[in-house]
Amino acid sequence: MPRNPTHFWPGLMTDAAILSAEAGAVMLLRTFKLMAGGAAASREAERMVGEKVAAGFELAGALSAAAARGRPHTPDSAARKALSVYRRHVRANRKRLG
């Protein structure tokens, strides 16, 4: 029986909504840190930008490596990969900032 690609989207959207809530918590924690000012706020702002760039490159590398191996991602597997990469970064930040 062929796989129905729309079958996987409700779970994917649930995972995306959870990640969105976690990212919102990180944004709140970072906002408090930035509002405090000082050297720690400056370091956090620089770290935040660097982490976003690094996460983007990590995802691009993972997707292109799979394509280079002849196994390009389907839309749902690419979205899952993106969620897993960003989830790791968001959870690490939440743990560090919380």
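Apart from neighbours within four places in sequence, Arg 30 is in contact with Glu 44, Met 48, Glu 51, Asn 93, Arg 96 and Leu 97. The model described here is predicted. Arg 30 belongs to helix H1. Its relative accessibility is 6%, and because buried means under 20% relative accessible area, Arg 30 counts as buried.

The side chain of Arg 30 forms a salt bridge with that of Glu 44, at 2.6 Å from N to O. Since Arg 30 lies in helix H1 and Glu 44 in helix H2 (residues 38-68), this pair ties together parts that are 14 residues apart in sequence. Both residues, Arg 30 and Glu 44, are buried.

Glu 51 also meets Arg 30 in a salt bridge between side chains, at 2.6 Å from N to O. Here Glu 51 lies in helix H2 and Arg 30 in helix H1, so the pair ties together parts 21 residues apart in sequence. Glu 51 and Arg 30 are both buried. A network of salt bridges links Arg 30, Lys 33, Glu 44, Arg 47, Glu 51 and Arg 96.

The structure holds nine salt bridges. One of them joins the side chains of Asp 15 and Arg 80, at 2.6 Å from N to O. This pair links distant parts of the chain, with Asp 15 in helix H1 and Arg 80 in helix H3 (residues 75-97), 65 residues apart. Asp 15 is partly exposed, with a relative accessible area of 25%, and Arg 80 is partly exposed at 34%.

Technical notes. Residues numbered from 1 in each chain as written. Predicted model: local features only at pLDDT ≥ 70, side-chain atom pairs only at ≥ 80, totals over all residues. Heavy atoms only, no water. Helix = DSSP H or I, 4+ residues; strand = E, 2+ residues; numbered from the N terminus. Buried < 20%, exposed > 50% of the residue type's maximum accessible area, 1.4 Å probe, protein only. Contact = heavy atoms within 4.5 Å. Salt bridge = Lys/Arg side-chain N within 4 Å of Asp/Glu carboxyl O.
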